[in-house]
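I hope they are handy to have beside the viewer.

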Amino acid sequence: MLFFFLSLFLLGGCSISPITGSYRHKASKQPSFSLLSARPSAFIGQNVLLGGVIQRCMNHEGESLMLIIQKPLDPTTDKPIVQSPSKGKFYLWYKGKVDPKVYSTGKTITVAGKIVSPFKTSIESPHYLIVEGEEFFLWPKESLPSYTQKVPTKTILENVWEPVGFEPWTTGWGEGWW
């Protein structure tokens, strides 16, 4: 019985990605982001799995467009590694409206979709890759664990020898005790 569960675990894969397995499989042979962004028109229709940090989100006539600063993805969770250097930017195009307050600047996102025609904002700017978003996941903002937020200011001995609220250098037993 133990052998059955162990083999099921090992053969079943260990991915905990929010993107479905079918999209991950479609994008398994994608080129590097450097190559994709250098020649976006050569990869039109290619399934990709990208991620990064949202720089801007805009809605127009029932569609949404997000400018995303690319970050490499963690191979297990497909979460963008924010500390890693970026290789460029890309646009996420979605045929529907998203709330710009929810998809705001600085939030991390993972995108699965197909590359559509490249986009050039002006004559001097580079060609930007546009991914038509079929699946995307907005990662929740991480907070520090509770034990790092409450840092004691006094040692245990200081608390034993000095009662809470007693401040002999000011007014005695705290502010306004009389």
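**Notes on the fold, cores and pocket**

1. Along the sequence, the protein chain runs in the pattern α-α-α-β-β-β-β-β-α-α, with five helices and five strands. Helices (H or I, at least four residues) and strands (E, at least two) are DSSP runs, numbered from the N terminus. Please bear in mind that this is a predicted model, in which local features need pLDDT of at least 70, side-chain atom pairs count only at pLDDT 80 or more, and totals for chains, interfaces and linings use all residues. Residues are numbered from 1 along each chain as its sequence is written, and side-chain values use heavy atoms, with hydrogens and water left out.

2. Of the 178 residues in the protein chain, 30% are buried. Buried means under 20% relative accessible area, exposed over 50%, and partly exposed in between (1.4 Å probe, protein chains only). Among contacts (heavy atoms within 4.5 Å) between residues at least 6 apart in sequence, 59% join residues at least 24 apart.

3. The largest nonpolar core has 19 residues, and Met66, Phe90, Tyr103 and Ile109 have the most contacts inside it. Such a core is a set of buried Ala, Val, Leu, Ile, Met, Phe, Trp, Tyr and Cys residues joined through side-chain atoms within 4.5 Å. Two or more residues each come from helix H3 (33–38), S1, S2, S3, S4 and strand S5 (127–138), and S1 gives the largest share, four residues. A second, separate core of five residues includes Tyr91, Val116, Tyr128 and Ile130. In soluble globular proteins, nonpolar side chains tend to be buried together.

4. Met66 deserves a look of its own. Not counting residues up to four places away in sequence, Met66 touches Ile54, Arg56, Cys57, Phe90, Tyr91, Leu92, Val98, Tyr103 and Ile109.

5. Thr110 lies in strand S4 (residues 108–120) and counts as buried because its relative accessibility is 0%. Beyond four places in sequence, its contacts include Ile19, Leu73, Asp78 and Phe137.

6. Asp78 sits in the loop between strand S2 (63–70) and strand S3 (89–94). With a relative accessible area of 4%, Asp78 is buried too.

7. Asn47 belongs to strand S1 (residues 47–60) and, at 16% relative accessibility, counts as buried. Leaving aside neighbours within four places, Asn47 contacts Lys26, Ala27, Gln30, Gly113 and Lys114. Its C-alpha is 8.6 Å from that of Ser28, 19 residues apart in sequence.

8. Is Lys141 buried or exposed? It is exposed, because its relative accessibility is 79%. Lys141 is placed in the loop between S5 and helix H4 (146–149), and 8.1 Å separates its C-alpha from that of Thr108, 33 residues apart along the chain.

9. Lastly, the largest pocket holds about 320 Å³ of space. Of its 14 lining residues, Lys79, Val82, Thr108, Pro140 and Glu142 are the closest to its centre. On a 1 Å grid over the protein atoms alone, a pocket is an open set of points where a 1.4 Å probe fits, with protein on both sides within 12 Å along at least five of seven lines, and lining residues have an atom within 4 Å of a point. Grid points are joined across faces, edges and corners, and the volume is the space filled by probe spheres set on the points.
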